[in-house]
Amino acid sequence: MMTLKTNEPTPNTPTVPVLIVGAGLAGLACAKTLQRHGVPFLIVEADGAVGGRVQSDVHHGFTLDRGFQAFNTAYEEARHFLDFKALNLQAFYAGAVIRHNGAFHQVGDPFRDLRQLFTGLFSSIGTLKDKLLTLKLSLYAKGLDESAIFQMPEQPTLSFLQDYGFSETYIQQFFKPFYGGVFLENTLKTSVRKFLYTFKCFAHGSVTLPQAGMHAIPQQLSQSFGSHELWLNRSVVELSPFDIQAPAPRTVTLSDGSEILANFVIFATPLAETFHLLGESLDVPQNATVNLYFSFEGRLPKGLVGDALYLNGEGTGIIQHLCFISEVASDYAPRGKHLLSVTLNNVTLKETAFETASQRDAQVRHELHAWFGDSVKNWVKEAEYVIPHALSESTLLYGENAPHIQASIHRLQAKWNILLASDALDSGSINGALRAGRLTALQLLEHLSPHTKESHA
Ligand SMILES: Cc1cc2nc3c(=O)[nH]c(=O)nc-3n(C[C@H](O)[C@H](O)[C@H](O)COP(=O)(O)OP(=O)(O)OC[C@H]3O[C@@H](n4cnc5c(N)ncnc54)[C@H](O)[C@@H]3O)c2cc1C
């Protein structure tokens, strides 16, 4: 937590017109928008790389995303910022494979590929009614306006699906494993608004990975920034308070002890961290995740759809979903090797579940063996990522804490005279972070010049 400081900079303190704290997607989109409008800025990032929650590591020649995530081509906001072609996006199989009753069941998505209509209709997952309801819901979600989705009455996803008429079996076998993986909680208590937003994206777009790993997204966003515009490995630790009687540039103290004067400060840090940094608090539950990577040589286990997402529809076990990620994007593994990404359900984070990581890993291997047989014995664990604060349960646009978040943000911004940019102001997603960054930059531009032309839509 920071201490209060007065506006008394030392002589020669550098001054920047706009300081952006954090180089996650929101901070980068904010900076990119300012750059396009010719407004000078400086981003200060605590980490050694850009990207925030969208990062990848290279380990033994494998590309390991820090937590499984994917890029949906229906993310409209991303078109403002990203060259999709240069990202060389590699699509997952349109549909999924569900593990249920000790066997794999392929479920196609007819909206992506008509040939999949029959795979979907004849799979043993769900009744015919469930399948027709899925088609109906896809058509409904596809036609919904995004702003209408985020104004819908609040309801947990689970009760929405039950009210819609889906069978409990289908919810258990398909919606819980799939959306549990999207929400990072598998009771489906997450808001129906988030559900319909992502459902709409899945109905319109393809689920993809950049060939070079998810980190290619922030890298592409930041490639036009000079070293005077982006400082890594330095965090903001202190901000001088705002004095409405004597508005002056703010003194910002960095972790290396240096100071900067900033005319405007934008916090593009996760919301709870921003509050904490300013000596305030915001209590909003966060969903966690655990992601393990395994490598192996030779052939894939027989009869698999290599580029599919595999969902655990057994209703037991700690694996949420997995994919042979190098079958989707071949550069994730060196030639001749395969990379498997396994996402665990959040039971694994509870202390009571496993006393040690090796007990947890033994359980994962046990489940993998039941799915894929003896070949699993030769699979090598490459890495694990435990991410306690992956996604906020609520944002400004959805969830039971939305009104609390809104009131807290208003109070914070008024007291500190700062702007915020974060996925928590939007849909808690890649698309949401990019949009939040752009809209915050536009807000500032309007303040600087009330006649800014760019649309806020
Ligand atoms: C495991 C996982 C899976 C996900 N799956 C998906 C998915 O499939 N699809 C999807 O759309 N979204 C997904 N998301 C969500 C998406 O990644 C986030 O919504 C988005 O990246 C958030 O961006 P942000 O810029 O708002 O915040 P962040 O990425 O958290 O960026 C904040 C930045 O601020 C920096 N910072 C913090 N404090 C300071 C300080 N004091 N000084 C300087 N810098 C500081 C941090 O280091 C960080 O770089 C997933 C997220 C996770 C973690």
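This is a short walk through a predicted model, from the whole chain down to single residues.

Start with the overall build. The chain carries 15 helices and 19 strands. Along the principal axes, its C-alpha atoms fill a box of roughly 70 × 45 × 45 Å. A compact globule of 457 residues would have a radius of gyration near 23 Å, and the chain has 23 Å, so the two agree. Of the 457 residues, 45% are buried. Consider contacts between residues at least 6 apart in sequence: 71% of them join residues at least 24 apart.

Now turn to the sheet of seven strands. This sheet is open, its pairing is mixed, and its order is β8-β7-β15-β16-β17-β14-β18. The edges belong to β8 (103-108) and β18 (380-392). Each has a single partner strand, so one side of each lacks a neighbour in the sheet. From one strand to the next, the twist averages 25°.

Strand β7 (residues 95-100) pairs with β8 through six bridges, in the antiparallel sense. Within that pairing, Arg99 has Phe104 of β8 as its bridge partner. A helix also packs on this sheet: α13 (residues 357-372). Helix α13 touches β7, β14 (286-297), β16 (319-323), β17 (337-344) and β18. The direction of α13 makes about 60° with that of β16.

Another open sheet has three strands. Its order is β5-β9-β6, and the pairing is antiparallel. Here β5 (71-72) and β6 (89-91) stand at the edges. Asn72 stands opposite Val207 in β9.

Finally, take helix α15 (residues 430-448), which contains Glu446. At 1.5 Å a residue, its 19 residues should span 27 Å. The end C-alpha atoms of α15 are 27 Å apart, which agrees with that expectation. The helix is mostly covered, with 14 of its 19 residues buried.

Is Glu446 buried or partly exposed? Glu446 has 13 inside 10 Å, so Glu446 counts as partly exposed. How far apart are Glu446 and Ala329? They are separated by 117 residues in sequence and by 41 Å in space, C-alpha to C-alpha.

Definitions and conventions
Residues numbered from 1 in each chain as written. Predicted model: local features only at pLDDT ≥ 70, side-chain atom pairs only at ≥ 80, totals over all residues. Pairing = 2+ DSSP bridges. Helix = DSSP H or I, 4+ residues; strand = E, 2+ residues; numbered from the N terminus. Axes fitted to C-alpha atoms, helices over the stretch in contact; angles between N-to-C directions. Contact = placed C-beta atoms within 7 Å. Buried ≥ 20, exposed ≤ 12 C-beta atoms within 10 Å, placed from the backbone. Expected span 1.5 Å × (residues − 1). Rg over C-alpha atoms; globule rule 2.2 N^0.38 Å.
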